[in-house]
Amino acid sequence: MPQDERQPADVPAPPAEVVASRPSRGFWAEAWVHFRRRKLAMTALFFVLALALVAIFSPMIAGTKPIICKYKGRIYFPAMAYFNPRWENEIFYRDKFRKRYPENLWEKDPESWAVWPLIYQDPYRRVAADEWPGRPGNPTGADGKPSRQNLFGTNQAGVDVLAQMVHGTRIALLVGFVATGIAAVIGITIGAIAGFMGGWVDIVLSRFIELVMCIPSLVLILALIALLDQPTIWHLMAVLGVTGWTGIARLTRGEFIKLSNAEFVTAARALGASRLRIMFRHILPNALAPVLVPITFGIAAAILTEAALSFLGFGAPPPNPSWGTLLNSGRENLQMWWLIVFPGTAIFLTVLAYNLIGEGIQEATDPRLREAGK
Amino acid sequence: MLNYILRRILIGAGTLLLITFVVFALVRNMPGSPLTLDLAEVDPGRRIREEDFERMKRAYGLDKPWPVAYVHWLGDLVQLDLGRSLYEKEPVTTVIGRRIGPTLLLSVASLMLMYALAVPLGLYSTVRSGKLDERTTSTVLYMFYSLPSFVAALLLLVFFSLKLQDTAFELPLRGMTSGSFAEMSFLGKIVDVLRHMLLPLICYTYGGLAYYSRFVKSNMEEVIRQDYIRTARAKGVHPFNVIVHHAFRNTLIPFVTMVGLMLPALLSGSVILEQIFSWPGMGQLFFQSISRRDYPTIMGLTLMFSFLVLLGQLLADVLYAVVDPRVTYS
């Protein structure tokens with residue numbers, strides 16, 4: 001591969017002295033070298049990084065609030081309100097902006113200036129005519145075909161689809177990371193304890209894992225969501241995390257059983273290391289590589305479940321610009337194909353990317369597969 | 001072996017008890033009850049009087065606290081009585097029985113189609129491994145595997161409703177039968193159902209197809225390196241026979257476990273696909289019973305699913321020992 005300047009691992013069988021003369025790479029560095037060779041996995045990684053950038057900069061890409069503006073002698077960042085409504089400076093409430101920034105800024109302070117997002121569209125409401133001088137309002141209903149003004153069209157109520165998707169990226173990525181993060185913590189902890197302690201602890205915990213696996217996940221998720229008074233997207237992430245850890249736990253348990261008989265564990269024991277130390281300092285780093293694979297696939301699964309729940313109408317309550325919510329609105333009116341094709345593609349590509357990354361990690365960290373790949 | 005099976009059955013019964021207990025607690029503590037949801041639908045002017053409400057609660061067995069109700073439910077279960085659906089006003093077994101047919105029709109057809117396509121595909125990609133055509137096929141299949149079935153279902157619906165409506169390829173988009181189903185001839189009925197099930201069938205099958213052809217391929221790749229394959233090749237066995245008779249037959253063991261784990265999926269249906277295509281199956285029933293807070297139906301379905309999951313796991317382990325003499329459980 002041309003871009004790989006370092007040569008070692010590529011050369012089939014270097015003479016023994018050469019290998020000995022340079023310090024050997026660590027496990028993760030070695031894995032990274034192998035991961036980098038996989039074009040598809042790298043493309044997927046770049047795609048996810050690009051999505052993360054879109055998510056972080058979503059208010060700067062699509063919005064109706066200035067990224068930065070000077071108003072009555074002070075500098076404000078109104079676009080940050082898209083991250084958290086409470087971050088909107090109260091001066092804009094006091095001066096009765098009513099979410100219409102362009103006209104109000106010019107009217108109420110002729111001296112003001114502002115840097116606007118790339119696309120003047122809002123993910124939560126329809127942009128009306130002349131809100132931005134000279135621009136027509138968004139079309140509603142079946143008239144909202146993709147056009148120059150609304151690249152991905154508008155939904156039934158006239159809200160721009162592209163803006164919703166850009167802001168939906170934030171939800172999709174957050175759901176993936178937070179839900180899987182929670183699942184990973186629960187799964188690794190329970191799996192580690194069950195595998196390391198063995199005996200009746202293992203029996204009890206294994207039954208518990210089995211129990212959670214057997215309960216239909218939809219019942220569990222819907223019941224947990226219903227138990228909350230006003231579910232937000234954060235509750236949804238927590239619920240997905242609390243229900244999605246069983247696979248990780250089973251795998252961790254297996255790895256811990258295998259590794260707790262290894263010599264380095266006996267050595268650590270002989271040195272008088274505490275159980276916790278052995279579990280988390282000695283065994284866990286060695287068990288992490290295989291566990292990382294279901295975690296990556298878990299991110300894809302969490303994104304998928306969130307989209308499916310929103311699609312069924314059980315997601316976070318509106319207005320939330322989730323990709324699944326968009327699909328749901330497209331389901332009623334099939335002739336508005338843009339409500340299905342664009343968010344559907346986004347979900348597909350994101351899930352595909354995470355699956356490819358997971359596969360890449362699997363093949364980069366598993367020496368048997370690594371050999372097979374040559 | 002018998003000992004092992006008995007132990008597993010005992011453990012399974014315990015797990016089942018726990019699952020039903022947890023689910024019972026969860027559904028009974030969900031806000032809203034079948035009565036209040038019913039009431040929300042009638043117009044507020046005709047509110048039911050307090051004493052009528054209490055009487056209905058008693059009639060439905062909703063007046064007792066849930067642990068007591070659970071014990072009652074268990075007691076009925078021992079007498080093989082799953083109770084009556086609160087919404088359909090019929091025994092739960094009848095309600096479920098009505099839904100099993102449509103779901104089985106789809107899942108069995110999909111399973112057979114999947115195997116019929118996945119095995120040849122898997123063998124093909126083993127033989128052509130690493131060649132351009134195999135790489136392309138595998139990549140396409142992998143993309144299918146990552147395409148969520150509900151997205152595919154919606155895309156198909158859009159395509160068929162916008163592009164193919166009123167053409168020769170027109171297909172019904174929702175439901176299982178046409179409105180005029182009752183007047184059709186026997187053959188006409190079959191054709192009608194087949195036309196209705198085509199789109200859901202595609203959505204059910206393609207994801208598994210990708211998964212299983214990969215599964216076949218990865219199993220084959222292990223076998224094909226064995227010495228006896230080289231021997232067979234060396235003595236001049238036809239390449240086709242090497243692949244099918246010598247190699248593929250030896251990959252059937254993992255397949256057997258797969259079949260056991262498939263069991264629950266055969267009957268559970270897919271909530272989201274059945275919802276999209278308005279297919280009157282188990283998944284739809286499940287979804288409806290949750291949103292209607294139809295406690296007896298939810299419990300009946302939960303019991304059935306978890307029983308099948310446990311049975312499938314047991315079956316997989318037992319079958320594994322049956323087909324592979326190296327595995328014993330003594």
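Hi everyone! Let's start with two helices of chain B: H1(B) and H14(B) are roughly antiparallel to each other, because their angle falls in the class over 145 degrees, where under 35 would be roughly parallel, 65 to 115 roughly perpendicular and the rest oblique. Before I go on, this is a predicted model, in which local features need pLDDT of at least 70 and side-chain atom pairs count only at 80 or more, while totals for chains, interfaces and linings use all residues. Residues are numbered from 1 along each chain as its sequence is written, and chains are lettered from A in the order in which they are written.

Back to our pair. H1 covers residues 2-28 of chain B and H14 covers residues 295-323, and they pack at about 155 degrees with their axes 10 Å apart. Helices here are DSSP runs of H or I with at least four residues, numbered from the N terminus. Axes are lines fitted to C-alpha atoms over the stretch in contact, and angles run from 0 to 180 degrees between N-to-C directions.

Who makes the contact? On H1(B), the residues include Ile5(B), Gly12(B) and Phe24(B), and on H14(B) they include Tyr295(B), Ser306(B) and Val318(B). In contact means that the C-beta atoms, placed from the backbone, lie within 7 Å. These residues divide into 14 nonpolar, five polar and two charged. Nonpolar covers Ala, Val, Leu, Ile, Met, Phe, Trp, Tyr, Cys and Pro; charged covers Asp, Glu, Lys and Arg; the others, Gly among them, are polar.

Now over to chain A. Helix H3 (residues 39-56) and helix H7 (residues 161-197) of chain A pack at about 115 degrees, with axes 8 Å apart. This crossing is left-handed. Leu51(A), Ala52(A), Val54(A) and Ala55(A) of H3(A) meet Val166(A), Thr169(A), Arg170(A) and Leu173(A) of H7(A). That makes six nonpolar residues, one polar and one charged.

Chain A also has a domain assignment: domain 1 is 63-137 and domain 2 is 161-372. Their centres, taken over C-alpha atoms, are 38 Å apart. Each domain gives six residues to the contact.

Finally, how do the chains meet? 33 residues of chain B are in contact with 30 residues of chain A. The largest share on chain B's side, eight residues, comes from H7(B). By class, that side has 26 nonpolar, seven polar and no charged residues.

How values were computed:
Contact = placed C-beta atoms within 7 Å. Left-handed = near helix turned anticlockwise from the far one by under 90°. Domains from an automatic or database assignment.
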